[in-house]
Amino acid sequence: MSDIVIIQGLKVDAVIGIYDWEKNTRQPLLFDLEMAWDNRLPAQTDDIRFALDYEAVSNEIVALVKRKPYELIERVAEEVAAMVMQTFKVTWLKLRVDKPTALPHAQSVAVQIERGSRG
Ligand SMILES: Nc1nc2c(c(=O)[nH]1)N=C([C@H](O)[C@@H](O)CO)CN2
């Protein structure tokens, strides 16, 4: 089974960074997420109850990332991945977290992680 559900470019304004000035402001983080999900039943039934609801996943990510300050984007990625897998019973995901305001001469910086197995 190789179906996935994708969230691309989810923007969350977070308190993120290792420097003092970063602890008193919000900076955008962008989340790209690929999540394994068997889409056959939702397709057959046309019923959201059987789908991985990308709106619900997005809402939970925004709530989590806004809840507290973070230092590293690695920590954000790990916590978001764990929450999505636990809350939504996702068995595999690939997650990229971009911090586009991090470096003045770079378009963006990012970390990407993959957790779980595709089954
Ligand atoms: N691997 C990482 N390197 C750095 C991070 C990070 O989160 N992960 N963060 C910073 C600073 O907060 C930087 O973004 C400020 O511009 C530096 N390196």
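Trainee: What makes a residue part of the ligand's surroundings here?

Mentor: In this predicted model, the test is whether the residue's C-beta atom, placed from the backbone, lies within 6 Å of the molecule. The residues around the ligand are G17, I18, Y19, E22, L72, I73, E74, K99 and A102.

Trainee: And how do those residues split by class?

Mentor: The shell has five nonpolar, one polar and three charged residues. Gly counts as polar, and G17 is in the shell.

Trainee: Okay, on to the helices. Why are α2 and α3 called oblique?

Mentor: Helix α2 covers residues 54-67, helix α3 covers residues 73-88, and they pack at about 140°. Roughly antiparallel would need an angle over 145, and roughly perpendicular runs from 65 to 115. The pair is therefore oblique. Their axes are 10 Å apart, and the crossing is right-handed.

Trainee: Which residues make that contact?

Mentor: From α2 you get V57, E60, I61, L64 and V65, and from α3 V76, E79, V80, M83, V84, T87 and F88. That comes to nine nonpolar, one polar and two charged.

Trainee: What does the UniProt record say about residues 5-115?

Mentor: The unreviewed entry places "domain: Dihydroneopterin aldolase/epimerase" there. That span is 32% helix and 30% strand, and its end C-alpha atoms lie 15 Å apart.

Trainee: And what box do the chain's C-alpha atoms fill?

Mentor: Roughly 50 × 25 × 20 Å, along the principal axes.

Methods: Residues are numbered from 1 along each chain as its sequence is written. This is a predicted model: local features need pLDDT of at least 70, side-chain atom pairs count only at pLDDT 80 or more; totals for chains, interfaces and linings use all residues. UniProt positions are given in the numbering used here, feature names are shortened, and annotations may be inferred rather than shown by experiment. Helices (H or I, at least four residues) and strands (E, at least two) are DSSP runs, numbered from the N terminus. Axes are lines fitted to C-alpha atoms, for helices over the stretch in contact, and angles run from 0 to 180 degrees between N-to-C directions. Angles under 35 degrees count as roughly parallel, over 145 as roughly antiparallel, 65 to 115 as roughly perpendicular and the rest as oblique. A crossing is left-handed if the near helix is turned anticlockwise from the far one by less than a right angle, and right-handed if clockwise. Two residues are in contact if their C-beta atoms, placed from the backbone, lie within 7 Å.
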